[in-house]
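Open the model in your viewer and keep the sequence panel beside it. The stops below say what to select and what is there.

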Amino acid sequence: MSSSLFSYVVLLIFLFTIPYIQSQPTAPAPTTEKSPINLTAILEAGHQFTTLIQLLNTTQVGFQVSVQLNSSDQGMTIFAPTDNAFNKLKPGTLNSLTYQQQIQLMLYHIIPKYYSLSDLLLASNPVRTQATGQDGGVFGLNFTGQAQSNQVNVSTGVVETRINNALRQQFPLAVYVVDSVLLPEELFGTKTTPTGAPAPKSSTSSSDADSPAADDEHKSAGSSVKRTSLGIVVSFALFCCSVIYIA
């Protein structure tokens, strides 16, 4: 085959293949956009967080978490009390809280940073929560445990419980199950009842009458009366003797 004929064949093949190449669909470019993380869906998949979901919705903390979680590069760590954990609270505990205090309680269960279980053991106690700084309170959490067994305990100063398992432990969100509601000291700690001003003492109060000073005063007064009576008797006796002597 001559070179001119070969060139002609190659040209024909090229002309016939161009329409085929142009008709092929272009593969979509890989997307880097992340799908938003749905905390409610994660909790609903756990099937035991009805009360927590309700509180997150009524306090609007759930919406705040969604916005911050999908816009922050620090991630989040959330402790999720089970329905049984809420049932262990004294009756009326949640209803006794104001709306603002319920918000603080929910924020107290959230750390504005992603922590794996091993990271929690390395954290410097107390660890700041989303509630830290509100009303001037610390609202911190303390973590202890053993890295070898991957056992981590969380303490609030009021309650201490073990972190059982993770509903999710992948950056940017970690959700850990706890069997007790984390009660902050700022809301549930032992409060010292202020002592009132002492009541004014009454001159006829029984405490005064029973006090050692009062007993001394009564004894002193009684002795004075006795000495006065004895003096009168002696004087009267001397007077009678002098009258008889003169007579």
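Predicted model: local features only at pLDDT ≥ 70, side-chain atom pairs only at ≥ 80, totals over all residues.

Residues are numbered from 1 along each chain as its sequence is written, and side-chain values use heavy atoms, with hydrogens and water left out.

**Whole chain**

Colour by secondary structure. The chain has 10 helices and seven strands; these are DSSP runs numbered from the N terminus, with helices being H or I of at least four residues and strands being E of at least two. Of its 247 residues, 32% count as buried (buried is under 20% relative accessible area, exposed over 50%, partly exposed in between, with a 1.4 Å probe and protein chains only). Among contacts with a separation of 6 or more, 64% join residues 24 or more positions apart; contact means heavy atoms within 4.5 Å.

**α2 and α3**

Select residues 39–46 and 50–58. These are helices α2 and α3, whose axes come within 9 Å and cross at roughly 160 degrees. Axes are lines fitted to C-alpha atoms, for helices over the stretch in contact, and angles run from 0 to 180 degrees between N-to-C directions. The crossing angle therefore makes α2 roughly antiparallel to α3 (under 35 degrees is roughly parallel, over 145 roughly antiparallel, 65 to 115 roughly perpendicular, and the rest oblique).

Show side chains. From α2, L39, T40, L43 and E44 meet L52, I53 and L56 of α3. By class, this contact has five nonpolar, one polar and one charged residues. Ala, Val, Leu, Ile, Met, Phe, Trp, Tyr, Cys and Pro count as nonpolar, Asp, Glu, Lys and Arg as charged, and the others, Gly among them, as polar.

**α3 and α6**

L52, L55, L56 and T58 of α3 make the contact with Y99, Q102 and M106 of α6. Its classes are five nonpolar, two polar and no charged residues.

**The core**

Which residues have the most contacts inside the largest nonpolar core? Select L43, F79, L120, F143, I163 and L173; the core itself has 51 residues. The largest share, six residues, comes from β7. A nonpolar core is a set of buried Ala, Val, Leu, Ile, Met, Phe, Trp, Tyr and Cys residues joined through side-chain atoms within 4.5 Å.

Centre on L43. Leaving aside neighbours within four places in sequence, L43 is in contact with F49, L52, I53, L56, A80, L167 and V175.

**Backbone details**

Go to P126, in the loop between α7 (117–122) and β3 (127–128). The N125 to P126 peptide bond is cis, with omega near -10 degrees. Next, P172 sits in the loop between β6 (160–170) and β7 (173–178), and the bond from F171 to P172 is also cis, with omega near 15 degrees.

Then select Q60, in the loop between α3 and α4 (61–69). Q60 is not a glycine, yet its phi is positive, near 65 degrees. Is Q60 buried or partly exposed? At 48% relative accessibility, Q60 counts as partly exposed.

End at D135, in the loop between β3 and β4 (140–146). Phi of D135 is positive, about 55 degrees, although D135 is not a glycine. With 69% relative accessibility, D135 counts as exposed.
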